[in-house]
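Please look through the structure below before reading on.

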Amino acid sequence: MAEPSASTSYLKSLKNQETVTKMRNDLENLLDLCTDEECEKYRELFKSFLELFRRFLEKSEKVKWHDIESLPSGYLMEYNNFSYPGRDDIQSMLNQLVVVKLNGGLGTTMKCDGPKSLIPVRNDLSFLDLTVQQIENLNTEYDVNIPLVLMNSFNTRESTDNMLKKYRSLRIKIYSFLQDKYPHIDAFEFNPLPDSFEEGQPFWYPPGHGNFYESFNKCGLLRNFLNDGKKYCFVSNIDNLGATVDFAILNFLMNPPTGQHAAFLMEVTNKTPADIKGGTVVLHKEKIRLLEYAEVPREHIDEFKGARKFKYFNTNNLWMELQSIVDFANSDKLALGVIDNKKRVINEKGIFEVIQLETPIGAAIQFFPGALGVVVPRFRFLPVKSTSDLFLLKSNVYIIEKGKVFMNPLRSFPSAPLVRLADEHFGDYRDIDRRFANMPDCIDLHHLTVSGDVTFGKDISFSGNVTIIANHKERIDIPQGSKLQGKIITGCLRIVDY
């Protein structure tokens, strides 16, 4: 493809300047709608948003593929080479740690009306409950003070704060801060869509995990933790129950081998067919960086999805020096790559095609001194993105103790089963309890697919490969006590009492 001419580049730059100026004026007009008390806060927020918008207009749509190389081994550490510290060292290190959970997401994919972190996982314990259990257990066992910090969005703040009241009697100290609130952009006219600052107004959105650095820095907590002697933080998604405090990684960070001091450590793991769109770490112009699916040229998508050149993907488990976060957030390097997500907003005013501009938290890897990746085992990555994932965590494939998730030692397979529950009848997280009288035995399950109107009686067991597909507008009832091993069941099956 030919490079654009100087005149074409100039005209594009001029057009971008005009668009930015129009957006600035639109945002100023929007400020007239907020109270004097909030006006200064939103004025500062709009400065950051306008900079993000400018970068969105100016960015190259895709990376230049010839600049992308597989990451050399020197940038990737092997978890299995890390050593575990002694108990006294563990105590000292934990007292220097802050745990941050990204808690801005709603459980809309699983038809949840509130924060995803409040969905029950096992025995009515939610992601938040299990996270609190993890940290509380560490604080008690090692007589330390690890604070738990939640990055909420305006969507999750109120419900989460209400839930936190039940932990007041515990030893753990829980803090929270709010990520920013940005206006949706009309996908065609490039103007901001909100017409009020009221809570619940549909044309606002939280701008992605990359907003962590700016929000954490300006909320005041970061400075307080540094003053209290904290030095590192561990950041992860709250729906990833595999993302627990790891002593071996902490030991590497705080007692690094000569020449391997890292202010930023990203956990990556081996790619599977389920991870083909996950971001990967690459070498780009002699620097480590995160390459996201949206940045890949169309003609190289298959290469990106494959595991030959890009063997690992980002788990979003990140370890960082607190002081380096301050330095980064206060520098001119906060310009993370822009991801433009196109959404459809439906409300009483109609259907709107919108753009929301976001930044990925892992993209900061290229700006931290000595940043590295560490290849971790798969058990460090147990996210719940669908009811199929939730089903597995509820099953006996996993054991949950003190908030931590372990593969059941009775399972003969080294990996978890592949489960696919079709969305039409199993898309709501409550459908699992509605359609299964109790959780089936899955200890020897390899692959389960369920589609259509299917219900299950008590004490079912699955083993091997099991496929159950009900015909359209028909139903299958799997009887109590059924032992399904290597079965395909299709059509219609109704069993009722006399």
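How many aromatic pairs does the structure hold? The structure holds 34 aromatic pairs. Rings of Phe, Tyr and Trp (its six-membered ring) pair if their centres lie within 6.5 Å; planes under 30 degrees apart count as stacked, over 60 as edge-to-face and the rest as tilted. This is a predicted model, in which local features need pLDDT of at least 70 and side-chain atom pairs count only at pLDDT 80 or more, while totals for chains, interfaces and linings use all residues. Residues are numbered from 1 along each chain as its sequence is written, and side-chain values use heavy atoms, with hydrogens and water left out.

One of the aromatic pairs is formed by F53 and F56. This pair is tilted, with 6.2 Å from centre to centre and 40° between the planes. Both residues belong to helix α2 (residues 36–58), and because they are three residues apart there, about one helical turn separates them. Helices (H or I, at least four residues) and strands (E, at least two) are DSSP runs, numbered from the N terminus. F53 and F56 are both buried; buried means under 20% relative accessible area, exposed over 50%, and partly exposed in between (1.4 Å probe, protein chains only).

A second pair consists of F177 and F216. The ring centres are 5.2 Å apart and the planes are at 20°, so this pair is stacked. Since F177 lies in strand β7 and F216 in helix α6, the pair ties together parts that are 39 residues apart in sequence. F177 counts as buried because its relative accessibility is 5%, and F216 is buried with a relative accessible area of 0%. F177 and F216 also belong to one aromatic cluster, which includes Y175, F212, Y213 and F328.

Two strands pair if DSSP finds at least two bridges between them. Strand β6 (residues 148–152) and strand β7 (residues 174–178) pair in the parallel sense over five bridges, and L148 stands opposite I174 in β7. From β6 the chain crosses through helix α5 (residues 157–164) to β7, and this β-α-β crossover is right-handed. That term applies if, with the strands pointing away from the viewer, the path from the first strand over the helix to the second runs clockwise. β6 is also joined to β3 by five bridges, and these two strands run parallel. Here V149 in β6 is the bridge partner of V100.

Is strand β6 enclosed or open? Five of the five residues of β6 are buried, so the strand is largely enclosed by the rest of the structure. L148, L150 and N152 point one way from the strand, while V149 and M151 point the other way.

Helix α10 (residues 322–329) is likewise described by its burial. Six of its eight residues are buried, so α10 is largely enclosed by the rest of the structure. The buried residues are L322, S324, I325, V326, F328 and A329. What covers them includes β3 (97–103), α6 (212–218), α7 (221–227), β11 (232–237) and β15 (312–321).

Another part of the structure is an open sheet of four strands in the order β21-β22-β24-β26, with parallel pairing. Its edge strands are β21 (418–421) and β26 (483–491), each of which pairs on one side only. Neighbouring strands of this sheet are turned by 15° against each other on average, direction ignored. Axes are lines fitted to C-alpha atoms, for helices over the stretch in contact, and angles run from 0 to 180 degrees between N-to-C directions. Within the sheet, eight bridges join β24 (residues 461–470) to β26, and S461 stands opposite K483 in β26. Helix α11 (residues 387–394) packs on the sheet, touching β21, β22 (441–451) and β24. The direction of α11 makes about 125° with that of β21. Contact means heavy atoms within 4.5 Å.

L393 has its place in helix α11 and is buried, with a relative accessible area of 2%. Which residues does L393 contact, leaving aside its neighbours within four places in sequence? Among them are V121, R122, L241 and Y398. L393 and V121 are 272 residues apart in sequence, but 6.8 Å apart in space, C-alpha to C-alpha.
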